[in-house]
Amino acid sequence: MNNIVVLPLFIPLILGVSLFFIRKHIRLQQWIAALAALATLAASLMLMGQISSEGIQVLHMGGWEAPYGIPLVADMLAAILVAVASIVTFACLLFAFHFIGEERKNYYVYPLMLILLCGVNGSFLTGDIFNLFVFFEVMLLSSYVLLSLGGGRVQLRETVKYIVINIVASSLFVIAIAYLYSITGTLNLAHIAERVAENGQNGLTTTVSLLLLTVFGLKAGLFLFFWLPGSYSAPSAPIAALFAALLTKVGVYVIIRMFTLIFNHQPQITHTIILWLAALTMILGAIGAIAYWRIKQILAYNVVVSVGFILFGVGVATDASLAGSVFYLVHDMIAKALIFILGGAVVFVAGTDRLREISGLIRYRPILGWLFFLSALALAGVPPLSGFIGKFLILQGGVQAEHYIMAAISLLTSLMVLYSVIKIFINSFWGESLLSEGEQKSSARGTLLPGFLLAALVVGLGLGADIFMPYVDQAVEPLVNPRIYIDAVLS
Amino acid sequence: MEILMTIVAGTLFTSGVYLILSKTLLRIIMGLSLFTHGVHIMLMSINGLKRGAAPLLEEQAASYTDPVPQALILTSIVISFSLTAFSLVLAYRTYKEHGTDDVERLRGQDHE
């Protein structure tokens, strides 16, 4: 029992709700929101410290012991992701302070961002599959509102699509939970895992696992990503950055959790399907990233590629590839937030996101240009930046397990990703300036603080990988050996 | 009883999917609503409907209904209620902004 486990949900929820009551005081809202993100970060760092010395931390809510109550389970993977989610939310909040329009500021954008963080953290930490559904809905409801906030024509249209797809996916999720409950008679993740391991993963259970894979494939953008580029390019830049960094990653996390903890007995079926879906996702995402000439579209397709890449590591499911997936997941949350923030700033400065109409920005925004270049390299996994280590470990695992075709596909798509982001860099920063006198004054200063914060993390994670690696290794332990997780919850 | 409820759930799924695939926003929302109701009925009936007693346990209860699915659908109904409310408002706003509730005509020129 450890009460700190609940703080990453509790702080953003309580402070987020309290912000609803001070709608008129924007400045005060900004202060409280930033403090809430920092406090969440502090709590999750404390949690990481405790987990690294004492092992997995469990909180049985209301004193009801597992498997009867709902536990919150903080293993190292969940704690790392909670910490990174808080950092990313903090950066997006800083970005939003400068870039979000008046019409959104006045309509609860900050409380909604905090409640989104609460839903994300809850999904990472919960140890109960129905509770996972509830936290998913908390996250999705605030994302619906954030997506439609401002009420532009494109935004409303994209929200309609997004909401229909997500309601159908959530319904399928509930169906899968119902099936799983009728098979195993429990909702506790650890308990389900134990029962599936005892009774063997028969055909029925595997079918349910594939239904869950479909659900989270929809939410994470694994192969079923047709909705993603539209809805991630519709909202304003800070919200798009938050979505790109957090939403799909929660789906990825749940796929990792489900297929390492519960459905790990029939890898020749489930993991093979994950592998092929991941490969298709990478190929299709990379084609999309190359094909478009609009910054927002290109970046949205990059989100898709990285989802495929992380799940390639999950499909291989060796020590090295899982460590790579965890490392790359952390890297990708930071790097995606960074590149969406910088891309949003480019669009803001240039006044358009059509690449053919932007040129020569480096004359007026040199720092923005170099930051963008750095993050482009990080995204493609150029050493010594943080993307490299994750990619290296995943590829190492893939080649050791003799998935040569997949490894080749992922290397090829990395090059295509590099091309797509460098295309943005070359087109928008090089060449003659097209900006007129008035437009040059629109500042990008608000991006520099969150930009430098995240860029420092990208460089730091790359150079300081030795310091970070023990945490990743500890995060991988319960993934490779689910017994550790089960014992921590049920003992 | 369970077989009957399964058929009801299946009918709800079918009509829900049919409505979701139609072109009017209001029908789509109705479809989503029916679809989630189908899910709820399935969830309710999946562990047996009539077990001969209420879901209250005494010391030596001979029979009882499993309370967990009922707790689950209660939560799920609340969530789907709020989602329906939100999507109705969204559909209204979309109709106001675009001047149409036909999804075919919502396709904009903004996308290349």
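Figure 1. Chain B has 4 helices and 0 strands. Keep in mind as you look around that this is a predicted model. Start at the N terminus and walk along chain B, and you pass its elements in the order α-α-α-α.

**Figure 2. The annotated transmembrane stretches of chain B.** An unreviewed UniProt entry marks residues 6-21, 28-49 and 69-92 of chain B with the annotation "transmembrane region". Let's zoom in on two of them. Residues 28-49 of chain B are 82% helix and 0% strand, and the C-alpha atoms at the ends of this stretch are 30 Å apart. Residues 69-92 of chain B are 100% helix and 0% strand, with 34 Å between the end C-alpha atoms.

**Figure 3. Where chain B meets chain A.** Here 34 residues from chain B come into contact with 34 residues from chain A. Together the two chains bury about 3100 Å² between them, and carbon and sulfur atoms give 74% of that area. How many salt bridges does the rule find across the interface of chain B and chain A? The count is 0. Polar contacts do turn up between chain B and chain A: there are 3 such residue pairs, with both residues at pLDDT 80 or more.

Which parts of chain B supply at least two residues each to the side that touches chain A? They are α1 (2-20), α2 (25-45) and α3 (67-98) of chain B. Of these, α3(B) gives the most, with 15 residues. Sorted by class, this side of chain B has 18 nonpolar, 10 polar and 6 charged residues.

Figure 4. Chain A has 20 helices and 2 strands. Its C-alpha trace spans about 70 × 55 × 45 Å along the principal axes. Now move to residues 128-416 of chain A, which an unreviewed UniProt entry annotates as "domain: NADH:quinone oxidoreductase/Mrp antiporter transmembrane". This stretch of chain A is 81% helix and 0% strand, and its end C-alpha atoms lie 39 Å apart.

**Figure 5. Two backbone details in loops of chain A.** First, look at the bond that joins P383(A) and P384(A): the peptide is cis, with omega at about 5°. P384(A) sits in the loop between α15 (366-380) and α16 (386-400) of chain A. Then hop over to Y108(A), which has a positive phi of about 65° although it is not a glycine. You'll find Y108(A) in the loop between α4 (102-105) and α5 (109-125) of chain A.

**Figure 6. A salt bridge inside chain A.** Side chains of opposite charge can pair when their charged atoms come close. By the rule used here, there are 9 salt bridges over all chains. One of them is formed by R483(A) and E194(A), whose closest N and O atoms are 3.3 Å apart. Why is this pair worth a look? R483(A) lies in helix α20 (residues 482-490) of chain A and E194(A) in helix α8 (residues 189-199) of chain A, so the pair ties together parts that are 289 residues apart in sequence.

Note on methods:
Residues are numbered from 1 along each chain as its sequence is written. Chains are lettered from A and ligands numbered from 1 in the order in which they are written. Side-chain values use heavy atoms; hydrogens and water are left out. Contact means heavy atoms within 4.5 Å. Buried area is the accessible area (1.4 Å probe) that two parts lose on being put together, summed over both. A salt bridge is a side-chain nitrogen of Lys or Arg within 4 Å of a carboxyl oxygen of Asp or Glu. A polar contact is a pair of N or O atoms within 3.5 Å; within protein, one must be able to donate a hydrogen and the other to accept it, and residues adjacent in sequence count only if both atoms are side-chain atoms. Ala, Val, Leu, Ile, Met, Phe, Trp, Tyr, Cys and Pro count as nonpolar, Asp, Glu, Lys and Arg as charged, and the others, Gly among them, as polar. UniProt positions are given in the numbering used here, feature names are shortened, and annotations may be inferred rather than shown by experiment.
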